[in-house]
Amino acid sequence: MGSERAHHHATAAALLKSDGTARAKDVRFVLWAVLALNLIVAGAKLLYGVMTDSLGMQADGFHSLFDGVSNVVGLAGLWLAAFPPDADHPYGHKKYETLAAASIGAMLVMTCLYLLWNSYQHWMGTVRPQVTAASFGIMVGTMVINVGVMRWERRRGEQLRSEILTADARHTGSDILTSFSVLVGLAAVQMGYPLMDPVVAVAIAGVIAYTGMQVLWETSQSLTDVARLDPEAVRQAVLTNRQVIDCHEIRTRGLPDHIFVDLSVHVRATMSLTEAHDVAHQVEDSLKQQFEGVAEVIVHIEPEGQCHANGKATSRVTV
């Protein structure tokens, strides 16, 4: 029986590792594809911006190039997160992915500052883009590409529970907004209202700043070990095991796709160590099956009835 249990958990661990490897491969594929598309979009804007002396298009081209930098940051974070646990990082390196997502949030804030500066330049009249039909065509074409990229990346980020992809999808969304501001600015210049360009850009800068703060807030939840699961939901799931009398001291933390659970369960005081060990593994297996993203469960076994006056158990076995 002991050998069968060991084989079962070894198989479960292998499947978990396999799923993690497949997920990382999928996330990397999305980031590489988005990086290639960002470089195409940036190249189109920069090339035509230089040809027409349009500083607005050149600036937006550099912003798209900056999106590519965020993809590189995401790939680096994912590469670091893939390293297995070691002596210095016993819980693994998954938070490097969170740090990469936080870096993307910081880039969004920097994009906001850049856009405000660009708006000031327009307001002062130092930037006067040349308007042609091709200018509108390139801006609309690149916006359509970015809309498709954003929707695909956001959907894959939700499916893969990847903070990097969801954060980068928001960054791509900011590129759509900045491109829209350039498009409106070009139309305003052509209609004889050049001051509408910086006004629209400032409003969009506020939206980008809000998005950047959202990304930073969400990544802070992982970095500060906020609770990831509802304790009562975990308790009810554990109590489905008939050999568990009670469950308490439930703590959860980690990333959305890599959650650590720590809890205490009460069992019969007459239960043998082997039986208690089996109960702990049953609790662990049930939580991993019922809650997506649970990577590790630490179960503290407490004998029911052996308590001090304050209700604390006199002995505890951690499995």
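**Close-up views of helix packing and a pocket**

**View 1. Packing of helix H3 against H5.** In this predicted model, helix H3 (residues 95-123) and H5 pack at an angle of about 10°, with their axes 8 Å apart; axes are lines fitted to C-alpha atoms, for helices over the stretch in contact, and angles run from 0 to 180 degrees between N-to-C directions. That makes H3 roughly parallel to H5, given that angles under 35 degrees count as roughly parallel, over 145 as roughly antiparallel, 65 to 115 as roughly perpendicular and the rest as oblique. Helices (H or I, at least four residues) are DSSP runs, numbered from the N terminus. H3 passes H5 in a left-handed crossing, a term used if the near helix is turned anticlockwise from the far one by less than a right angle, with right-handed used if clockwise. Among the H3 residues in contact (heavy atoms within 4.5 Å) are Ile104, Met107 and Leu108, and the H5 residues include Ala167, Arg170 and His171.

Residues are numbered from 1 along each chain as its sequence is written, and side-chain values use heavy atoms, with hydrogens and water left out. Local features need pLDDT of at least 70 and side-chain atom pairs count only at pLDDT 80 or more, whereas totals for chains, interfaces and linings use all residues.

**View 2. Packing of H4 against H5.** The axes of H4 and H5 come within 8 Å and cross at roughly 160°. The two helices, H4 and H5, are therefore roughly antiparallel to each other, and H4 passes H5 in a left-handed crossing.

**View 3. The second largest pocket.** This pocket has a volume of about 380 Å³, where a pocket is an open set of points on a 1 Å grid over the protein atoms alone, where a 1.4 Å probe fits, with protein on both sides within 12 Å along at least five of seven lines, and a volume is the space filled by probe spheres set on the points. Its lining (residues with an atom within 4 Å of a point) comprises 19 residues, of which Ser162, Thr166, Ala167, Arg170 and Glu218 lie nearest the centre. Helix H4 (133-160), helix H5 (163-191) and helix H6 (196-223) are the elements that give two or more residues to this lining.

**View 4. Packing of helix H7 against H8.** Helix H7 (residues 231-238) and helix H8 (residues 273-290) have axes that come within 10 Å and cross at roughly 125°, which makes H7 oblique to H8. The contact is made by Val234, Ala237 and Val238 of H7 with Val283, Leu287 and Gln290 of H8.
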